[in-house]
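Student: I am new to this structure. Please show me how to read its features.

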Amino acid sequence: MKNVLEVKNLTKIYQNGRGIRDISFDILAGDVYGFLGPNGAGKTTVMKIIMGLCRAQKGEVKIFGHDSTTQPERAWQHVGAMIENAVVYEYMSGYKNLLLASRFYKDVTPARIDEVLEMVDLAPFKHEKAAGYSLGMKQRLGLAAALLSKPKFMILDEPTNGLDVEGTVKVREIIIHLAREHQVTFLLSSHLIHEMQMVCNKIGIINNGQVIKEGLVADLLHNEDETLESFFIKQIREGREERAK
Ligand SMILES: Nc1ncnc2c1ncn2[C@@H]1O[C@H](COP(=O)(O)OP(=O)(O)OP(=O)(O)O)[C@@H](O)[C@H]1O
């Protein structure tokens with residue numbers, strides 16, 4: 001199985017002394033990799049570095065074998081990402097927002113814009129100004145933008161942030177469909193651990209800027225009663241007790 005993402009010894013310490021330390025992990029083709037961690041653990045920082053939105057002090061990132069610092073265009077060529085909040089121009093319609101986003105890519109046609117609007121259930125609202133969209137609709141517009149170029153690897157930071165139950169289920173269905181039918185590989189972060197258990201085959205738990213546990217969900221959960229949520233809480237509490245010693 002080929003490596004889609006290789007992260008090695010990534011370190012970034014902000015001026016306040018917080019950040020991430022020596023983070024390493026790989027994502028293989030076909031993985032739906034869930035990044036789990038409490039608030040402030042470092043998930044967004046890792047994703048931002050992978051996408052070149054901030055710079056690491058140490059370490060390297062390779063995407064499809066291309067170094068993100070020395071070969072950024074090749075590294076990000078087949079990547080779709082939504083990190084932190086969706087970038088939405090409020091004074092434009094949903095459709096025009098996507099038209100603007102499509103200029104970054106060579107082959108995105110108006111038909112593809114309509115296709116992604118359908119996928120995220122925004123087609124009926126496509127000519128309305130985004131200023132009138134709810135938070136969940138803006139989030140779905142951001143996801144539509146990330147889907148535009150038919151990426152082979154998607155990085156989604158809290159993709160269900162602000163979505164209602166139906167929106168959350170919709171995002172889950174999109175991820176499962178793309179992973180199964182189109183072999184799209186994913187790196188996802190979410191606080192909704194139950195959601196992550198439904199879509200991810202592999203997880204990495206990050207706490208205090210370090211990966212403290214990683215593996216296939218099927219290998220990590222030892223008995224039928226154990227859920228990803230109970231496993232996660234156990235790891236975080238054990239880590240806290242260890243640090244208190
Ligand atoms: N620009 C910044 N300046 C200073 N500190 C920062 C900055 N961005 C993040 N941090 C700190 O780095 C640590 C990791 O933050 P990060 O946003 O990566 O965590 P996270 O796991 O994504 O959190 P959340 O689940 O709350 O989104 C936190 O302690 C945070 O306060």
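**Reading the ligand shell and the backbone**

Student: By class, how many residues of the shell around the ligand are nonpolar, polar and charged?

Tutor: The shell has two nonpolar, eight polar and two charged residues. Ala, Val, Leu, Ile, Met, Phe, Trp, Tyr, Cys and Pro count as nonpolar, Asp, Glu, Lys and Arg as charged, and the others, Gly among them, as polar. This is a predicted model: local features need pLDDT of at least 70, side-chain atom pairs count only at pLDDT 80 or more, and totals for chains, interfaces and linings use all residues. Numbering starts from 1 along each chain as its sequence is written.

Student: Which residues are around the ligand?

Tutor: A residue is near a molecule if its C-beta atom, placed from the backbone, lies within 6 Å of it. Here they include Tyr14, Asn16, Arg18, Lys43, Thr44 and Thr45. Helix H1 (residues 43-50) gives the largest share, three residues. Helices (H or I, at least four residues) and strands (E, at least two) are DSSP runs, numbered from the N terminus.

Student: Is asparagine 9 buried or exposed?

Tutor: Buried means 20 or more other C-beta atoms within 10 Å of its own, exposed 12 or fewer, partly exposed in between, with C-beta atoms placed from the backbone. Asparagine 9 is exposed, because 12 others lie within 10 Å.

Student: Where does asparagine 208 lie?

Tutor: Asparagine 208 is in the loop between strand S9 (202-207) and strand S10 (210-216). Its phi is positive, near 50°.
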